[in-house]
Amino acid sequence: MATQQGHSILKLDGLKTADKLKQYIEKLAADLYNIKQTQDEEKKHLTALRDLIKSSLQLDQKEDSQSKQGGYSMHQLQGNKEYGSEKKGYLLKKSDGLRKVWQRRKCSVKGGILTISHATSNRQPVRLNLLTCQVKPSGEDKKCFDLISPPSCLYTHRWISVLTNSKEEALNTAFRGEQSAGEDGLEDLTKAIIEDVLRMPGNEVCCDCGAVDPKWLSTNLGILTCIECSGIHREMGVHVSRIQSMELDKLGTSELLLAKNVGNSSFNEILEGNLPCPLPKPTPSSDMTVRKEFINAKYVDHKFVRKTCTSAADKMSELHEAVRSRDLLALIQVYAEGVELMEPLPEAGQEPGETALHFSVRTADHTSLHLVDFLVQNSGNLDKQTDRGNTALHYCCLYEKPECLKLLLRGKPATDIGE
Ligand SMILES: [Zn+2]
C-alpha cells in the first residue's frame with residue numbers, strides 16, 4: 001500500500017513537473033519568437049541604413065574618396081564588451097567655431113545615443129545617434145577620439161529634397177491664389193511701417209494731452225493719441241477723426257499712409273500754431289471735460305491755427321499750390337484754415353471744374369498718394385463732378401491710376417454716376 005501510495009505521489013509530482021515544463025517551454029517559445037522579431041526589425045533597420053549610406057557614397061565619388069582618407073568608414077570599431085554600453089561623465093570637447101578650444105562637457109551614453117550638454121543649462125543638449133556615427137581613436141593624441149558624423153552628402157541630399165518640396169508647395173499655393181507667402185511679406189511690411197510711425201517726432205506722446213506711449217491712430221489725420229483722448233475723437237465723428245488701434249486693429253499699409261507722412265509734431269505746429277496763454281492744453285491727468293473742450297476747439301473749430309490766408313480766393317490758390325508741389329503739410333495748413341476742399345480750383349487744369357481731388361488723382365504717382373489719401377478722407381463729398389461730369393473715380397480710370405482707385409473706394413464714393 002505504502003509503495004503504491006508512493007508511486008501515486010511520484011506520478012502526481014511527475015505530472016505536475018511535466019505540466020510546469022510544458023508552460024516553461026511555451027513561454028520560452030514565445031520569448032524566442034519575440035527576440036527573433038526584434039532582431040529581424042533591427043536587421044532590417046541596419047540593412048536600410050547600410051543601403052542608404054552606400055547609395056549616398058556612390059552618388060558622390062568625391063565625398064567617397066574623402067571618406068577613405070580618414071572620414072566616415074563602413075568598417076566599425078569593435079569595443080571591449082566588459083565596459084558595457086552605458087556611461088555618464090565629463091569629456092573635453094573641441095569647439096566647433098573658428099577658434100578651436102577644449103570645453104569640458106557633461107556627456108552620457110545610453111541606448112545608442114550620445115548626449116552632450118552645453119555649458120549653460122538653458123540650451124537643449126546635443127543628441128547624436130551613434131548608429132549614424134563612427135567612433136575613431138585620434139591619430140594625433142592617444143587620449144582623444146573622434147566622433148565622425150555620416151558623410152555630409154547624406155544631409156545635403158535631404159536638404160535639397162526638403163527645399164525642392166517646399167518650393168513646389170509654395171508655387172502650388174500661389175497658383176491656387178492663396179498667396180500665403182505674399183501675405184506674410186505684407187504683414188512684415190506693415191509691422192515695419194508701424195515701428196517707423198511710432199518713432200516719428202512727437203509720436204512718443206499723445207497729440208492732445210501729452211500722455212506717453214499713445215497707441216491710437218487717427219487714420220485721416222495721421223496722428224497718435226492716448227486712449228482717453230481717442231474716445232473724444234470718436235465722439236466727434238469719422239468726418240473729423242477716424243480712430244483705430246495701432247495694436248488691436250489689423251491696419252493695412254493704406255491706413256498708415258498719412259501716419260507715415262504727418263506725425264504729432266508737424267500736425268501740432270499747424271493745429272496748435274497759435275495756442276493762447278494760459279495754455280488750454282490738457283495734461284495726462286486732466287479730466288474728460290477739459291480734454292473734450294480742448295479737442296473740440298482744436299479739431300472742429302480749428303481754433304488754435306495760425307492764419308496765413310486773408311481771403312477765400314487766397315485759400316483756394318494755396319490749396320492748388322499745395323497739391324501741385326505735393327506738400328502735405330501745406331495742404332493740412334490750408335485745410336486747417338477752413339478751405340473748401342471740394343470747390344473747383346481757380347485754374348481749369350485738364351477740364352473746367354476740377355477740384356483738388358481731381359487734380360491730385362490726375363497727377364498722382366507713388367510719391368503723392370498721401371495727398372490723394374488726405375483729400376479722400378477729409379473732403380466729405382467724393383462725388384463732385386467736373387463741368388464734363390467726371391468724378392474723381394472717373395479720373396482714376398481716365399488717367400489709369402489704380403492706386404488712387406483703391407484709396408477712393410476705401411472712402412466709398414458713389415459708383416453709379418454716369419458720364
Ligand atoms: Zn491724450
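Me: Among contacts in the protein chain between residues at least 6 apart in sequence, what percentage join residues at least 24 apart?

Reply: The share is 58%. Please bear in mind that this is a predicted model. The protein chain has 13 helices and nine strands, and 35% of its 419 residues count as buried.

Me: What makes the arrangement of donor atoms around the zinc ion tetrahedral?

Reply: The zinc ion is coordinated by the SG atoms of Cys206, Cys209, Cys226 and Cys229, at 2.3 Å. Four donors count as tetrahedral if all angles lie between 85 and 135 degrees. The four donor atoms here subtend angles of 103 to 117°, and the arrangement is therefore tetrahedral. For comparison, the ideal angle for four tetrahedral donors is 109.5 degrees.

Me: How are the donor residues of the zinc ion spaced in sequence?

Reply: Their spacing is C-x2-C-x16-C-x2-C. Cys206 and Cys226 link distant parts of the chain, being 20 residues apart. Cys206 lies in the loop between α4 (180–198) and β7 (216–218), whereas Cys226 lies in the loop between β8 (223–225) and α5 (227–236). Both Cys206 and Cys226 are buried.

Me: Why does Thr190 count as buried?

Reply: Buried means under 20% relative accessible area. Thr190 has a relative accessibility of 10%, so it counts as buried. Thr190 is part of helix α4. Leaving aside residues up to four places away in sequence, Thr190 touches Leu251, Thr253 and Leu256.

Me: Why is Leu28 called partly exposed?

Reply: The term applies between the limits of 20% and 50% relative accessible area. Leu28 has a value of 38%, and therefore it is partly exposed. Leu28 is found in helix α1, which covers residues 2–59. Together with Leu21, Tyr24, Ile25 and Leu32, Leu28 forms a nonpolar patch on the surface, with about 510 Å² of accessible area in total.

Me: What is said of the phi of Arg326, and why is Arg326 called partly exposed?

Reply: Arg326 has a positive phi of about 55° although it is not a glycine. Its relative accessible area is 28%, so Arg326 is partly exposed. Arg326 is placed in the loop between α8 (312–324) and α9 (328–336). Asp213, in the loop between α4 and β7, also has a positive phi, near 60°.

Me: Which residues does a cis peptide bond join?

Reply: The cis peptide bond joins Cys277 and Pro278, with omega at about -5°. Pro278 lies in the loop between α6 (264–271) and α7 (288–299).

Methods. Residues numbered from 1 in each chain as written. Predicted model: local features only at pLDDT ≥ 70, side-chain atom pairs only at ≥ 80, totals over all residues. Heavy atoms only, no water. Donors = N, O, S within 2.8 Å, 3.2 Å for Na, K, Ca; no water. Tetrahedral: all angles 85-135°; square planar, octahedral: opposite > 155°, others 65-115°. Helix = DSSP H or I, 4+ residues; strand = E, 2+ residues; numbered from the N terminus. Buried < 20%, exposed > 50% of the residue type's maximum accessible area, 1.4 Å probe, protein only. Contact = heavy atoms within 4.5 Å. Patch = residues over 30% accessible without salt bridge, like charges linked within 9 Å, V, L, I, M, F, W, Y side chains within 5 Å. Areas by Shrake-Rupley, 256 points an atom, 1.4 Å probe, with all protein chains shown as cover. Salt bridge = Lys/Arg side-chain N within 4 Å of Asp/Glu carboxyl O.
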